[in-house]
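Welcome! Let us take a walk through this structure together, one stop at a time.

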Amino acid sequence: MTTTYQPLQATGLCADRVEEIWSALLSIKKDTDARHSGSASAHTPPGELIGGALLNRYLYAICPDPAVEASAERYVDRALAAVHRLPLLGLYGGVLGVAWLLAHMARLDGELADLSDIDDILLAQLKAPWSDFYDLVFGLTGVGFYALERMPHTAGKEILGMVIDRLAEMSRVADSKRVWHTSPEAVPPLRRRDHPKGYHDLGVAHGASGVVRLLAEAVNVGVRSDFARSMLDEAVPFVLSHLKQAGNRWVLPAYAEDGARTASRLAWCYNELGAMTAVLAAGRACGREGWCDRAEGVMRSSFGLPVETSGCRDASLCHGSAGVAHIFQLVGRELGDGAFDREARRWINIVLAMRRSHEGVGEFLYFEVDAKTNTSGLVPNYSFLEGGPGVGLALLSAAWQVEPGWNRLLALS
């Protein structure tokens, strides 16, 4: 890849830093493409292919070079070739994730993808009570977000309606609050010792906040909307009831069982920032100003938080600074609030300041915990959720006014 690509004029929130952002984008693209330049490997993680496809497709929107478009198509072709070896579920690593990608790419072209085979499999499985994960990343909530990407196809509406029914069956209501329990078998091994009976996860990625966002979108698109509203009336209070005050900040523990703990981090996946995007969406969908005000107040309480105490150890979308910056940018745009815009700019500066390793993906390294040894370190990562392509997409959205539809994969819009 040469560096002769020329982008369209940047008019976004961080257009004044376009040279540095464009340099980072080109570097991320170069390293990501180089990773996949040889023959397709049977061991390539699908999250890398999804990330590469999305990065190049949105780069094409600001740099309409045929070579960029061809790169996006190559990633899609490789993802399609890999589906035979993938598990069905997994929005970022299964057949479901590849199907979401195909639906999204077709949507960008004003078309509907032919995904009847995967639709039929999902509809058949959803007829019976669900016994697998309920969450966004691995489970039922992720199926719901695939269904949303299929709209307005009839299968999308049918799948979403059945997902809502199965989620209701997997929940219970106690003290007028609707909760979903993560079984001990579904708890990651490193956490199982501290939670031998499982827990009630509050996060977007694996818990109740991801369900809240899905139910809010069901209301918005008019699928089982009355039932979804009634579930939100019980699910949102459950999430909000676990907010804790820590000095001038409001924080949300990862799990309800964490009790009085006030240790937290700014992130999409867990804790208060990602969760409050779901509560805000639910409030807007249901006309509940109190939920909106509460969510906005919690997010505002983290303004100015130093990166050193934020818990962000890398630039990823999942648990890093790019995810934080993108959330603040989205909320600022939705509310027309300059304070959120300024906080988004501050976090984009933090993202760029993390580009200093002279190795990795576009000169970014990413935090990783080795599940076998329980050791951690910074390593290259090429995936959408935890690596370079996701960071590139967040930077692109900060500098250019391109609708960030890719963030529907994060349950953010």
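Our first stop is Met276, which touches Val239, Leu240, Leu243, Ala295, Val298 and Met299, leaving aside residues up to four places away in sequence. Please keep in mind that this is a predicted model. Met276 also belongs to the largest nonpolar core, a set of 151 residues. Among the residues with the most contacts inside that core, Met276 is joined by Leu54, Tyr92, Trp268, Phe384 and Trp400. As a general background, nonpolar side chains tend to be buried together in soluble globular proteins.

Next, let us visit a charged residue. Arg355 sits in the loop that runs between helix H15 (338-353) and strand S5 (366-370). Is Arg355 buried or exposed? Arg355 counts as buried because its relative accessible area is 18%, and the cut-off for buried is under 20%. Two polar partners can be found here. The side chain of Arg355 makes a polar contact of 3.3 Å with the side chain of Ser23, and a polar atom of the Arg355 side chain lies 3.0 Å from the backbone oxygen of Gly362. Ser23 and Gly362 are also on the list of residues that Arg355 touches, along with Glu20, Ala24, Ser27, Glu363 and Phe364, again not counting residues up to four places away in sequence.

Our last stop is an open space. The second largest pocket has a volume of about 240 Å³. It is lined by 13 residues, and those closest to its centre are Asp33, Ser37, Ser71, Arg74 and Tyr75. Helix H1 (18-35) and helix H3 (66-82) are the elements that each give two or more residues to this lining, with H3 giving the most, five residues. Sorted by class, the lining holds five nonpolar, three polar and five charged residues.

Technical notes
Residues numbered from 1 in each chain as written. Predicted model: local features only at pLDDT ≥ 70, side-chain atom pairs only at ≥ 80, totals over all residues. Heavy atoms only, no water. Core = buried A, V, L, I, M, F, W, Y, C linked by side-chain atoms within 4.5 Å. Buried < 20%, exposed > 50% of the residue type's maximum accessible area, 1.4 Å probe, protein only. Contact = heavy atoms within 4.5 Å. Helix = DSSP H or I, 4+ residues; strand = E, 2+ residues; numbered from the N terminus. Polar contact = N/O pair within 3.5 Å; in protein donor to acceptor, adjacent residues only side chain to side chain. 1 Å grid on protein atoms, 1.4 Å probe; cavity = no way out; pocket = protein on both sides within 12 Å on 5 of 7 lines; lining within 4 Å. Points joined across faces, edges and corners; volume = space filled by probe spheres on them. Nonpolar A, V, L, I, M, F, W, Y, C, P; charged D, E, K, R; others polar.
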